[in-house]
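Hello,

Here is the structure we talked about. Please open it alongside this note; the findings follow below.

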Amino acid sequence: MQTRAAAVAAAARPSGGWRRVNDEDDFTAPHNFSVRSPGPRHLPPRNSDPVEYFFLLFTVATMQTVLRNTREYATKVFDDMAGWIARHPSSRMRRWSLNDVTLELLKRYLGLCINMGLIRKKNIEDYWSKKHPSQATPFFPFVMPFRKFAMMQRFLHVGVLDTPVRGQPGFDPWNKVRPVLDAINLTFKRYFLAPQHVSIDESMVGMK
C-alpha cells in the first residue's frame, strides 16, 4: 500500500515544476539525493601559483567582457563631458585614452584591489603616498601609477549599457554585475561539485 509521503512525491514527478503544498503534507520520507565524487574537479596541479586558481573562476573571456563594457561606458562619458573636458586643460581625463584599457591593465587593477583587502589604509591615495616612508607601500606605484588606477576605478563598468531601467519591462536588478555573475556561476559548476550535506553561513567579508 502506498504511503502518504510516496503519494505526495509521485504527484510531484509528472510536471517537474513548482507545486503548492499544505502544512499537513508529509515530507519525512528520505530524498534520493546522491552525488558522485563531490568536491573540486578539473583543477591545475597542486604546486600551481594561487593566481592560477583565481583565473579558473575569473576567466580571460570574462575579463574581455568587462573591458568591452568599460570602453563603451568610458566612450559615453567622454562624449557627454566633451565640453567640460575642453574647458579644463588640467583634467586627468585629458591625459587618458581608451587605448589604456587593456587586459594587462585590468589584471593589474584587480591585483591591487585584492591587495587593498590585505593592507588597510584610510584613503586610496595613501597606497601611493610617499609622505611617510616608514608606511609607504612601493608595490602599488610599481604596478601602476595612481592616475591610471583612478581612471580605471572611474570607468570600470561590468554591466551592459542601455538596458531597461526599473519599472520598465525586462528590467534586470542584477544588470550591473550580470555578465560576471553568469560567468562565475558556470565556472563554479565546472570546478566544484557540492556534496549532499551543505551548510551555508553568512558572509565573512563585508561587500556590496
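**Helix packing**

Helices α3 and α8 are roughly antiparallel to each other, because their axes cross at roughly 175° and angles over 145 degrees count as roughly antiparallel. Bear in mind that this is a predicted model. Helix α3 covers residues 60-80, and helix α8 covers residues 178-191. Their axes come within 10 Å.

Which residues make the contact? From α3 they are Thr62, Thr65, Val66 and Asn69. From α8 they are Pro179, Val180 and Ala183. By class, that contact has 4 nonpolar and 3 polar residues. No charged residue takes part.

A second pair is α5 and α7. Helix α5 spans residues 103-118, and helix α7 spans residues 146-155. They pack at an angle of about 95°, with axes 11 Å apart. The two helices are therefore roughly perpendicular to each other, since 65 to 115 degrees is the range for that label.

On the α5 side, the contact uses Leu105, Leu106, Tyr109, Leu112, Cys113 and Met116. On the α7 side, Lys148, Phe149, Met152 and Gln153 meet them. The residues of this contact divide into 8 nonpolar, 1 polar and 1 charged.

**Salt bridges**

How many salt bridges does a search of the whole structure find? The search finds 4. Side chains of opposite charge can pair when their charged atoms come close.

**Surface patch**

There is also a nonpolar patch on the surface. Val51, Phe54, Ile114, Leu118 and Ile119 form it. Together they have about 430 Å² of accessible area. Which helices supply at least two residues each? They are α2, residues 50-57, and α5. Leu118 of the patch lies in helix α5.

Best wishes

Key. Residues numbered from 1 in each chain as written. Predicted model: local features only at pLDDT ≥ 70, side-chain atom pairs only at ≥ 80, totals over all residues. Heavy atoms only, no water. Axes fitted to C-alpha atoms, helices over the stretch in contact; angles between N-to-C directions. Helix = DSSP H or I, 4+ residues; strand = E, 2+ residues; numbered from the N terminus. Parallel < 35°, antiparallel > 145°, perpendicular 65-115°, else oblique. Contact = heavy atoms within 4.5 Å. Nonpolar A, V, L, I, M, F, W, Y, C, P; charged D, E, K, R; others polar. Patch = residues over 30% accessible without salt bridge, like charges linked within 9 Å, V, L, I, M, F, W, Y side chains within 5 Å. Areas by Shrake-Rupley, 256 points an atom, 1.4 Å probe, with all protein chains shown as cover. Salt bridge = Lys/Arg side-chain N within 4 Å of Asp/Glu carboxyl O.
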